[in-house]
Amino acid sequence: MSDENEDLNYLLYITSLIDGKLRGIWKYAARILLSSIIRKELINELGFEVRKEGY
Amino acid sequence: MSLVLKFVKKGIEEGFLMAENGEITLTPSGRVHLNYILPTLKFADEIKYQAMRIRDLIEDDKRKEYIKSLENELADTLEYSQKRREIAISERILVNGYIGALEGSVWIFSISSSEYVTKQDFSAKYVLIKKFVEKLVNSGYNCIYNLHYDRVTFFLDRKPENDIISFIKENNFNLVDEAKRINISDLEVSEFEYLLTKILSDYFISKKLIKIRDQPKFIDFSRRQVKKVTIGQLNFPLTIFYGFNIKVNKINNSKFILWIDPTYVQFLTMDKWIESLGVETPEEILHLIGDICVLPTKRKGKISKIDLKERIPDEIRNYWKNKYNLDLTTKTGMAEISFKQGKPFSYPLETLCFEKKWIEHNIGFMMKEAPTLSPQERYEKIREWFIAYCMPYVETPFCKIEFKEDMASLDEIKEIFKSSCRLLPPRLVFSQKDIRQQSTDTRAIFKYGGYAGNKAIFIPKIICPSFISERECEEFLIALKRTYDSIFGTLEYASEGVRIPYSSTILNERYPKIEEKMKSKLEPISIPKQDSSTSIVIFVEPNYQHLIYYIIKSIINNSWRIPDQHIKIGKFERIMKRDLPLLRGFALHLYVKSLKPHEPPWILRYPSYKAAKTVYCGIGFSMQVKDSEIRKAVGVLAICDAQGKFVHQKHLPLSKATDYLSEEMLQKLFNFVRDKTSEIPFQRMVIYKKGHLKQNEIIVLKGFINKIKETEYWKNKQIDFITVEEDIYRLFKIKNNTILNVDSGLVIIKNDQEALICVSGHPEIGIKQGTAKLMHIRVELLESKAEIKEIVREYYDRTFLNWIAPVTLSKYPPELNISQNIAEITREVEITQDFTYLVV
C-alpha cells in the first residue's frame, strides 16, 4: 500500500468516526490526527527523521 | 491547498467520500472499502478514542483545549523519541576483568572421521577420541582438545611424534590439518578463547581449586562458612564454599581480558542434617533418605551402610585434604555409597549432601537470603581472587601470562565492543481515552489506573490458616476495597462465609497428602460468581516458600476455573494495618488477574519495533521429575504484540522429554502463533528464549525455519530468534571515588550478533541491593533487517511491560516471564486446563 493510499485510508476512517458531525472543527481535528499518525509512521519507519513541511 | 483537503478531494474522486452542505461523509462504497482495509490500520484504536473524545467535547473551548494538548503531546513525544533516548555514558566505568598478555606457542592439528561427524552428541564424539587423549597423556604431552561439530582440534606443548599420527590413522581418523606450531596470541578469536580458558582452568586446578562440572567455575574448598538457613519451617546449617567464575575475551593479538566474578556453592551435608533433626539410628536414616550425592561433583548414589560412630580413617582425611583441599571438621561418621556403575566406596558423612529437589520435596524450599554482594564488596572480592591466583604472573606448560594490576575500564577494552550508550526508558500509556495519561515511569499505574479501564472484581473466598479470624478477613477486605476502588475500579466481596480455614499442620504433610486433603476440602465448595465482575480467590500462604502454593494453583484452576491470588501471612497482616505500598501492589495484582488477553494494564506509546508489524513470543520448557525419572515435558508459549496490547499464553505437552529446543516444540509454537494471529497483519516475529542455543539447536532451528517457510502463512514473514542469559559481566560506576552500580539502560554492543544490557532495577529508584547484572543478548537467527542496536532497544522497551512489578521491574520481556512462570508451575503440579488469567 502506498503512503498516499494509507493516508487516504486513515482519512476515511476518521470520517467514519466523526461522520460530518464536527462541522467547522472537523478539518482541524482530521489534520491533527492525520499529521500525528503520519509523523508516528515516520518515527517508526524511518528512524527519527520528522517530515518538516506542515499540513 | 492543505494536504487534508487534497485527500478529501482524492476520496471524492474515488467515490469514497461525499461533500454536502459543508459536511463530509462516507459513501456506501467508501464504507465497504473501509471495512476491507480496517484491520491494516495500525493506530485505529487510538484514533478512535481521540476522535470520540473530540466529538464528545461539546463546548468549543474544551475541544480546542484538548486538541491543543494533543498537539503538545505529539511535540513532546517527538522530541523525546528522537536521539534523546540514547545518551552517551559520561561516568568512568570499570569492568570485572583484568587485561593480560601472554607469551607462548602451541602445536595444533585437527582430525576427523566419518563416524565422528555422524555422532550427534558431543559425549559420543568424545568416546571416539578418548583413546587419542589417553595416548597423548601417557606419552607425556600436555594436551588440550576442542570438540567441534565436524572435527576435533588438539593443542600440544610439543611436536607430535610420528607414532601419534600413525596411531590416529590406524584408528580410522584422518588429519584435517597437519600439525603446525603457532603463537597462541595469533590463534583466531574462538580458538584462542577456548584454549586460554582451558589453560587457565588447568592452572587453577593445579592450585587446588575445584572445577565445578563443565563450567569455568572454581571453588576453593578451604574457604568455607557454615550458615543457618531456613528450609521450610526449620533452620539448617548449610555449608558454603566460595570461589569464582571466569571468562576470557581476546582483545587483539597482544592482549586479552580475563573476567572474574565471585560465586559460591552451598550444600546441606549429611552430618549437619543428622545433627539438626536429631536422628539417631542408621535404620531411621536409611528409612528417610533415598538418593545422596558425593561432594564436590555431586555424583549420585545410594547409601548401603551407615555408621555414625565409625572413626574417619586418617588416610581418608588426607585424601580429602590433598585432593580437594578440604579439611574435615568431624571425627566420626562414615557411610558406604553404591553407584549405578563402579564399586561402592566409603565416605565421611561430611562429604555427602542432598539434591535440591530432594530437599524441596522432603524438607521444604530454602528461604531466599540476600547474599548478593554490593558493588563495593564485589569489587573487593574480585580483586582478592585475582591477587591470590593471578599475581604476579601465571606460569603454565603452554605459556606465561602477565596481567595489568588494575581492574580494566570500559575505555580500555573498547576494541572488543562496537559502541556503548545509555537508553532512557520508553514512554508508556495508561489510558485508552486520555492520551495525556502517559509516563516513562511504570509506577504511574497507581496514579492513572490501568489502560484497560476500570474493572469490577468480586472476592468470593479467602482460603487462610485457621488462626486468621472472619473479622480479620473482613478488615483485610475493607482496606483492600478502599485502595482498589480508588485506582482500579470496584471490589466487592461475599457478605458472609468468605473465610475457608485450613489447618497449618497440613503443611508438615508430604505432597500427595496435602493435595488430597486440599482437594477434598475445596472441590465440593461451589463458588458464587457475578456476571459483571471477575471472581478471584485469595489464598493466604505461609511466610516461607512451600509446595502448597503450586497445589492450590492447580486445584483452583482445574476445578473452580477462576483466578487465585496468593499472599503471605506477613503481608496479609500488614495490609490489615493499611500498609499503602503493599495495598497498592496487591490491588494491582488483583487488577491484572481480572484482565482478558486484549486488556493490558499499560502499553508502550510506540511499538517496540517500527510500525507495529512485529509480534513477540517467549518460549519455556519444564520437565516433571519424579523418583529421578522425567515424567513429562511441557512447552510453554506466550505471545504479545509490539505495544503490549494483547497477550496469549499456552502450555502444551511434549512427547519427548529433552532440554534441547526440538522440532516438535517449534512446530507447536508456530501453530499456536498462527492460530492466535490470523487477524493480525504482522510481518515479523521475534522469538525470545532464556539461555543461548547450542550448536545442535541452531541446526534444528534453521532446518525447521527453512521447512516452514515453504508454507503459505509463513512464506513472507520474517523470523528473528533472540536468546538471553545472565552472564559473568559486571560493571561498576566510579563516582567521587565510590563504587556504584551502573544505571539501568546501559548498553554495550559487542558485535552484529551480541550485546549486553543492564536492566537491573528501576530507572528512577535504582537497585536496592546487590550488583547490577548485564544480560547477554544474542541473535541466533535473523531474517529481518533489524540491527543489533534495534534488537537491544526493543528488548529494553519490552522489559517495561512487566505489569506485575512496576516498582522493581524485570530483566525479561513479558512474553518470556509468562512462559517461565507457567513452566515453573507445570514442573511442580498437574495443570489440566489452560489458565483463565495471565500468569504474569
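Guide: A strand, in the sense used here, is a DSSP run of E with at least two residues, and strands are numbered from the N terminus. In this predicted model, strand β11 of chain B covers residues 234–250, and Asn235(B) belongs to that strand.

Let us consider the surroundings of this residue. Asn235(B) has 12 other C-beta atoms within 10 Å; a residue counts as exposed if that number is 12 or fewer, and Asn235(B) is therefore exposed. Leaving aside residues up to four places away in sequence, Asn235(B) touches Lys228(B) and Thr230(B). Between Asn235(B) and Leu277(B) there are 42 residues of separation in sequence, while their C-alpha atoms lie 9.9 Å apart in space.

Helix α17 of chain B, residues 548–560, has 13 residues. From its first C-alpha to its last, α17(B) reaches 17 Å, close to the expected 18 Å. Its buried residues include Ile548(B), Ile551(B), Lys553(B) and Trp560(B). Among the elements that cover the buried residues of α17(B) are β24 (462–465), α16 (511–522) and α23 (814–828) of chain B. After the helix comes Arg561(B), with a positive phi near 55°.

Note on methods: Residues numbered from 1 in each chain as written. Chains lettered and ligands numbered in written order. Predicted model: local features only at pLDDT ≥ 70, side-chain atom pairs only at ≥ 80, totals over all residues. Helix = DSSP H or I, 4+ residues; strand = E, 2+ residues; numbered from the N terminus. Expected span 1.5 Å × (residues − 1). Buried ≥ 20, exposed ≤ 12 C-beta atoms within 10 Å, placed from the backbone. Contact = placed C-beta atoms within 7 Å.
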